[in-house]
Structures are given as structure tokens and as C-alpha cells.
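These are my notebook entries on a structure that I had not examined before. I set down what I looked up, entry by entry.

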Amino acid sequence: MRALILSLGCVLALSAQESPLPKPTAHHLAMKEQAGTWIAVAKMYMDPSKPPVVSKGTETNTLVSGGLWLKSEMRAEMMGQAFEGHGLFGYDTHQNAHVGSWVDNGGTWMAVSKGTCTKDCREMTLYFEGYDEAGKPLTFKEVHTQPDHDHRFASMFVKGKDGAFVKLMEMEYTRAK
């Protein structure tokens with residue numbers, strides 16, 4: 001294993017000599033605003049006839065790989081249970097799209113998202129395929145906004161049988177001081 005890692009390091013070093021490492025684009029630079037520690041309040045809409053279930057947690061976002069990716073770590077208590085989630089997000093210049101992955105202890109599948117941004121990447125819409133509790137495939141949509149340096153909002157929707165998206169969750173983030 002050690003020899004494999006050393007060999008890979010040599011290959012990467014030689015490749016770097018032949019072509020320069022990519023420079024962050026404006027899309028990558030916009031992720032700096034999301035870096036840091038955030039207090040998160042989630043409202044989950046489990047039953048339309050009842051008030052949302054409210055949960056609180058902490059999200060820590062770190063720029064990695066020369067600022068090309070944002071690593072996200074979420075810890076919360078949801079419905080009386082410990083929740084842990086991990087994500088990696090960035091901008092893929094080959095696809096001209098924002099991309100990401102997310103895993104958490106709420107399921108055994110990985111969400112792989114793709115989408116676009118507007119307003120200097122202060123508004124982003126991502127889509128991904130996932131599953132319900134019974135294993136049935138579903139399409140999800142996330143809408144993220146960041147009106148200022150210290151506040152972010154996210155909403156998650158699921159596509160219904162009629163093709164319309166129904167809100168599942170809202171999250172409000174406040175930068176920890």
C-alpha cells in the first residue's frame with residue numbers, strides 16, 4: 001500500500017510539471033463565503049397537516065484542494081437522534097456545473113448533485129436522485145441562497161407523482177461568532 005501511495009505521488013508530481021494545476025474560477029472563489037462554522041436550524045415537513053419538526057445542529061465547511069472543493073461536516077440532533085452528514089461540493093469546469101456529493105447516517109445511498117448558480121453564486125439550484133424509506137427512486141431539488149456573509153438558507157424538495165416539487169425541509173444557517 002505504501003509503495004502504491006508513493007507511486008501515485010510520483011505520477012502526480014510529474015503530471016504537475018507537464019501541466020499547471022487548475023486555478024479556481026469565480027464559481028470556486030464564491031465558495032469562500034460558505035467556509036466556516038454555522039449554526040443550523042432545520043424545519044422538516046413530515047406531515048402537511050402538522051407543524052414542522054425542528055432540529056438544531058452545527059455545520060463546519062472547509063475549503064480543500066487549493067480552494068477547488070468545499071468539504072462540509074454536519075452534526076445535529078434530529079427527532080431525538082444524533083445526525084451526522086458529510087459532503088464535498090465544487091464547480092466542475094468540464095460540465096460547466098456545480099456538483100456535489102452527500103452521505104449521512106439517515107440512509108445507505110449517496111446523493112450526487114448537479115446544478116447551476118445565479119447572482120454571483122449566492123443562489124444555487126441542485127438536483128439529485130435518491131430513494132424513499134421503501135427504496136423507491138425519487139428526484140430531489142435543493143435551493144440554496146446566501147444573502148450576506150453571515151446568513152444562508154436551503155430548501156429541499158421532492159418531485160411528486162404529478163411532477164411538481166413539494167417542500168420537505170428548510171434550513172436556516174447563521175455564522176457562528
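**Entry 1, a hairpin.** I looked up the hairpin of β2 and β3, where four residues lie between the strands and Ser65 takes a positive phi near 55°. Strands here are DSSP runs of E with at least two residues, and helices are runs of H or I with at least four residues, both numbered from the N terminus. I note that this is a predicted model, in which local features need pLDDT of at least 70 and side-chain atom pairs count only at pLDDT 80 or more, while totals for chains, interfaces and linings use all residues. Residues are numbered from 1 along each chain as its sequence is written, and side-chain values use heavy atoms, with hydrogens and water left out.

**Entry 2, strand β3 and its partners.** I found that strand β2 (residues 53-64) and β3 run antiparallel and are joined by nine bridges; two strands pair if DSSP finds at least two bridges between them. Within this pairing, Thr58 stands opposite Arg75. Ser72 has Gly87 as its bridge partner in β4. The hairpin of β3 and β4 has two residues between the strands, and Met79 in its turn has a positive phi of about 55°.

I then asked which residues of β3 form its covered face and which its uncovered one. The covered face consists of Leu70, Ser72, Met74, Ala76 and Met78, and the uncovered one of Trp69, Lys71, Glu73, Arg75 and Glu77. In a regular strand the side chains alternate between the two faces of the sheet.

I recorded two helices and ten strands in the protein chain. Of the 177 residues, 31% count as buried, that is, under 20% relative accessible area, with exposed meaning over 50% and partly exposed in between (1.4 Å probe, protein chains only).

I searched the whole structure and noted six salt bridges, each a side-chain nitrogen of Lys or Arg within 4 Å of a carboxyl oxygen of Asp or Glu. One of them joins Arg152 and Glu59 (2.9 Å, N to O). This pair links distant parts of the chain, with Arg152 in strand β9 and Glu59 in strand β2, 93 residues apart. Arg152 is buried at a relative accessible area of 8%, and Glu59 is buried at 5%. Another joins Glu84 and Arg75 (3.2 Å, N to O). Here Glu84 is partly exposed at 35%, as is Arg75 at 47%.

I located Glu142 in strand β8 (residues 137-148). β8 pairs with strand β9 (residues 151-159) in the antiparallel sense over seven bridges. How far from Glu142 is the nearest side chain of opposite charge? It is Arg152, 8.3 Å away, and the buried Glu142 has no salt bridge; for charge, Lys and Arg count as positive and Asp and Glu as negative, with His and the chain ends not counted. I did find a polar contact between the side chains of Glu142 and His144 (2.6 Å). A polar contact is a pair of N or O atoms within 3.5 Å; within protein, one must be able to donate a hydrogen and the other to accept it, and residues adjacent in sequence count only if both atoms are side-chain atoms.
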